[in-house]
Amino acid sequence: MRDAVFLPLTMEAAGSCGSGLRTKAEAANRAAADCWTAMVGDCDTTGRRTLILTLHDLSEATVISGRAAIGGMVQYRRVTEAEALIDEAVREGDGEEFAEALVGYDLAVATVLSRLRSQSA
């Protein structure tokens, strides 16, 4: 059985980045899957409460890496706005908002990672 991929663009873009970013992307993807499962089951789990911390670790690593390469302020704002939307959706237990916010987060993080990859090529 294949593992669920909640951050497909990020996972793809992180594949060619340093192992630290790849590891953080994998952790964020697992955390999103765990959170989704908890939300569907209407459970208050540690994974649901700590998702935002895991995403923030990935965000920070991504933006710190990307700042030098692309001057990441606009992307940083997009990433943090998406984080806030995810956090709100999780607190409210709103699966639809969670899914939409996760798509925005995935796109924002993957954009920075893709630009990093193209800068280093």
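Author: Buried means under 20% relative accessible area, exposed over 50% and partly exposed in between, with a 1.4 Å probe and protein chains only. This is a predicted model in which local features need pLDDT of at least 70 and side-chain atom pairs pLDDT 80 or more, while totals for chains, interfaces and linings use all residues. Residues are numbered from 1 along each chain as its sequence is written, and side-chain values use heavy atoms, leaving out hydrogens and water.

Reader: Why is R48 said to have no salt bridge?

Author: A salt bridge needs a side-chain nitrogen of Lys or Arg within 4 Å of a carboxyl oxygen of Asp or Glu. Lys and Arg count as positive, Asp and Glu as negative, and His and the chain ends are not counted. For R48, which is buried, the nearest side chain of opposite charge is D42, at 4.3 Å, so there is no salt bridge.

Reader: What does R48 touch?

Author: Leaving aside residues up to four places away in sequence, R48 has contacts (heavy atoms within 4.5 Å) with C35, A38, M39, D42, C43, V90 and G93. Of these, C35, A38 and M39 are among the buried residues of helix 2.

Reader: What makes a run count as a helix or a strand?

Author: Both are DSSP runs numbered from the N terminus: H or I of at least four residues for helices, E of at least two for strands. The protein chain has 5 helices and 0 strands, and R48 lies in helix 3 (residues 46-70).
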